Amino acid sequence: MTLAATLDLTAYERHGFVRLDGFARAEVGGAMQVDVVDLVRTAHETGTAPDGVLIAPESQDGFAGVEPEDLISKVFTLHERPTFAAFLRDDRITGLLQTLLGPDVDCFLSQFIFKNPRAWGQPWHQDSFYFPFEPARPIVGLWLAVTEATLENGCLHVLPASHVEPVHEHVPDARPGANHGDVEIVDHDMSGAEPVLMSPGDLLVFDSHLMPRSTDNESDGIRAAIVFHCCPAVTVDHGIEDAAKARSALES
């Protein structure tokens, strides 16, 4: 049976997300974690990251750790690395994405989330706030649990059916030491939210207008995940265009 046949499209369209428990073996995410930890340690030793890869540290004052990866919040743009690309090439993933996005699909962003002990959660937001795309939809996120995600270690919470909302106003995260780029929705009732408890290998498939947040990691262990963001290949990223125009203006 193909994944497209088992994906509950009705639930996805109604709630804005579907979870697929036990989608991947735990070793799949474990291999990704090994790869990204090696990347972070090598970048720490050499002072440079691979082309196109962005390593974002935790910004909280006094954040401490033993290894370089203990201080990292997220690592971006990993989907062309073999371990990550192999996951995206899985027939079940391509079938899922083609069902939701059409025959020609692009993964435009990926991020490995470390969520180390004592790391803050990310406030309520919509991923589409960050994506100035044309057309604006559809955009699909794939959130693969690398470790267990629990209430204690800062699992995701989602607001079912919030994907039918437009992109709301997002204000800067007001916490001193908030991570760069963190913003927050403050004009919507989130009382219907529910936690998403996950085991390694569970996959959350979600619409980019869905409102998620995560809570602080109050455990002594990491809460790791990898997120892939995908859209139809014909989508135009105006963020890239705007950045190119800004560089051109500075150089002229």
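# Exercises on salt bridges, helix packing and cores

R19, D21 and D202 are joined in a network of salt bridges. The model is a predicted one, and the exercises below concern its contacts.

**Exercise 1.** Carry out the corresponding analysis for the salt bridges D220 with R118 and D207 with R137.

*Solution.* Step 1: the N to O distance is 3.0 Å for D220 and R118.
Step 1: D220 is found in the loop between β12 (211-214) and β13 (225-232), and R118 in the loop between β4 (105-113) and β5 (133-134); the bridge therefore ties together parts 102 residues apart in sequence.
Step 2: with 71% relative accessibility, D220 is exposed; R118, with 45%, is partly exposed.
Step 3: for D207 and R137 the N to O distance is 2.8 Å. D207 is part of strand β11 (residues 203-207) and R137 of the loop between β5 and β6 (140-145), so this bridge ties together parts 70 residues apart in sequence.
Step 4: D207 is buried at 9%, and R137 is partly exposed at 33%.

**Exercise 2.** Describe how helices α4 and α5 pack, and name the residues that make the contact.

*Solution.* Step 1: α4 (residues 82-89) and α5 (residues 91-101) pack at about 60 degrees, with axes 5 Å apart. This angle makes α4 oblique to α5.
Step 1: F87, L88 and R89 of α4 meet D91, I93 and T94 of α5. These residues comprise three nonpolar, one polar and two charged.

**Exercise 3.** State which residues touch the most other members of the largest nonpolar core.

*Solution.* Step 1: the core has 37 residues, and L142 and F228 touch the most other members.
Step 1: beyond its neighbours within four places in sequence, F228 contacts several residues, including M32, F84, F87, L88 and L142.
Step 2: another core, of 15 residues, lies apart from the largest one; among its members are C155, L156, F206 and A225.

Technical notes:
Residues numbered from 1 in each chain as written. Predicted model: local features only at pLDDT ≥ 70, side-chain atom pairs only at ≥ 80, totals over all residues. Heavy atoms only, no water. Axes fitted to C-alpha atoms, helices over the stretch in contact; angles between N-to-C directions. Helix = DSSP H or I, 4+ residues; strand = E, 2+ residues; numbered from the N terminus. Parallel < 35°, antiparallel > 145°, perpendicular 65-115°, else oblique. Contact = heavy atoms within 4.5 Å. Nonpolar A, V, L, I, M, F, W, Y, C, P; charged D, E, K, R; others polar. Core = buried A, V, L, I, M, F, W, Y, C linked by side-chain atoms within 4.5 Å. Buried < 20%, exposed > 50% of the residue type's maximum accessible area, 1.4 Å probe, protein only. Salt bridge = Lys/Arg side-chain N within 4 Å of Asp/Glu carboxyl O.
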